[in-house]
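Dear colleague,

Please find below the structure I promised to pass on to you. My notes on the findings follow it.

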Amino acid sequence: MLLRPLKETREHTASYYAATLGTHTVYPSLQDTVDADVCVVGGGFSGVSTALHLVEKGYSVVLVEANRIGWGATGRNGGQLIGGLSTEPETFEAKFGREGVAAAWRMGVEAVEIVKQRIEKYHIDCDLQFGYCDVALKPRHMTSFAETLKSQQDKGYPYKMRLVPRDELRTMIHSDRYLGGLYNEGFGQLHPLKLCVGEAAAAARLGARIFEHSRATRIVRGQLPEVHTEQGLVRANSVVVCGDAYLGDLVPELSSRNLPASSFIIATEPLGDRAKTVMNSSLAVCDLRWALDYFRISIDGRMLFGGACNYTGLAPGDITETMRKKMLWVFPQLADVKIDYTWGGQIGISMNRIPQVGRLSDNIFYAQGYSGHGVAPTHLMGKIVAEAVDRKPERLDMFAAYSHMPFPGGKWLRQPLYALGMLYYRTLDFL
Ligand SMILES: Cc1cc2nc3c(=O)[nH]c(=O)nc-3n(C[C@H](O)[C@H](O)[C@H](O)COP(=O)(O)OP(=O)(O)OC[C@H]3O[C@@H](n4cnc5c(N)ncnc54)[C@H](O)[C@@H]3O)c2cc1C
């Protein structure tokens, strides 16, 4: 398959989300020198969530975004609101014992609660719905669901979860592909760009100064760090770096630990009454493969079908056809349906799948590397970084205790080496 880089502009990518965003604030670009308690670099969920938590605590905050608020993975993702931390809570046992496991599990639940509270508190209209199903393509996936269900129940998960047998699943998702599912009432779906833009507007109302089209070009470390942008300068007591997979060379020690992988989505034309012949429209769905499919019906009745994760960070030559084939493999009944939007974006992958949250120095913090599972965890990490800036670093220290090792191979070889390594895991999808 021919691969190529994704074409980008400095405006929101031409997605279903950008087309349905509606009126929203356009923030100025930074043209002079400003002072703040905290400068946040990056206006995705991580940066905006951090900024909002900080202004709520009374800090003065400047946020600089290279492009537009929600321009990166945040404004392009599948909109699946999934709890947990992209790694099992048990990962934390070796260093933090059973209490570490319990704390990580609680944080995975808290992540979704923060999103819910934000939407309620700031009246953000972002198509939030609850209801989620993991679906099984192999008998071993059903075994794994049964284990997950038991583990969640043992820990006291507050929402309804249950195994869905094959026959019942077919009444919820009209496809022959799946052997069954694991339903979870506590996860759901939303319009991620509306959410991020709504949260940025809330932060701005509380006093955050937001600048778009203001790429940070250099961070000068010191007691009063400086963030130089294309045409301005921010002097702050603390800096929080939230560029994730789009950070580039600004902080090479962060980019070497967080590899961009690409993923793609198509949105069909509105399906009208036909949507009922496809699936239950209040479900968000993921399968369990390394290169997983994820899909849902949008509020206006389109099938939003995503997947084709590529660890080279590149895109297939014809993204629409690649994704259409994937969608028809699951839903052949959509063969005659028109595709209205196609887009893709970069996911930040960390080697051990633990979200990378920590410090570069006493007053420079970062959050990145959610490994494809960031809509809810970014909100938690923003809160945890804000706590650390506010001199309550205990939760940040739990994540910072992991070394977030760099990918081997140096700047030029790490991506192809990793893509090669991931081929091994993708072959497991076929077993
Ligand atoms: C196609 C796709 C589908 C996904 N689906 C899901 C899903 O359904 N559910 C889920 O939980 N997760 C999903 N994810 C992952 C999720 O979107 C991310 O984990 C999350 O949005 C990361 O947010 P972020 O703010 O850390 O990074 P981003 O949203 O990527 O934001 C980083 C921002 O930093 C800016 N920036 C970078 N460098 C600079 C600089 N030097 N100066 C100023 N600004 C800078 C960028 O312009 C960008 O706007 C998906 C990701 C993709 C790409």
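**Domain interface and a helix pair**

Between domain 1 and domain 2, an area of about 2400 Å² is buried, and carbon and sulfur atoms give 50% of it. On the side of domain 1, Gln-80, Trp-105 and Arg-353 supply 26% of the area buried against domain 2, more than any other three residues. Please bear in mind that this is a predicted model.

The bounds of the two domains are as follows. Domain 1 comprises 20-128 + 190-257 + 351-400, while domain 2 comprises 132-186 + 258-349 + 411-431. Their C-alpha centres lie 26 Å apart. In terms of contacts, 33 residues of domain 1 meet 32 residues of domain 2. One salt bridge is found across this interface. A salt bridge is formed by Glu-90 and Lys-155, whose closest N and O atoms are 2.9 Å apart.

I also examined a pair of helices. Helix H2 spans residues 45-56 and helix H3 spans residues 93-121; their axes come within 13 Å and cross at roughly 65°. The crossing of H2 with H3 is left-handed. From H2, the contact draws on Ser-49, Leu-52, His-53 and Glu-56, and from H3 on Ile-114, Arg-118 and Lys-121. Sorted by class, the residues in this contact of H2 with H3 are two nonpolar, two polar and three charged.

With kind regards

Key: Residues are numbered from 1 along each chain as its sequence is written. This is a predicted model: local features need pLDDT of at least 70, side-chain atom pairs count only at pLDDT 80 or more; totals for chains, interfaces and linings use all residues. Side-chain values use heavy atoms; hydrogens and water are left out. Axes are lines fitted to C-alpha atoms, for helices over the stretch in contact, and angles run from 0 to 180 degrees between N-to-C directions. Helices (H or I, at least four residues) and strands (E, at least two) are DSSP runs, numbered from the N terminus. A crossing is left-handed if the near helix is turned anticlockwise from the far one by less than a right angle, and right-handed if clockwise. Contact means heavy atoms within 4.5 Å. Ala, Val, Leu, Ile, Met, Phe, Trp, Tyr, Cys and Pro count as nonpolar, Asp, Glu, Lys and Arg as charged, and the others, Gly among them, as polar. Domain bounds come from an automatic or database domain assignment. Buried area is the accessible area (1.4 Å probe) that two parts lose on being put together, summed over both. A salt bridge is a side-chain nitrogen of Lys or Arg within 4 Å of a carboxyl oxygen of Asp or Glu.
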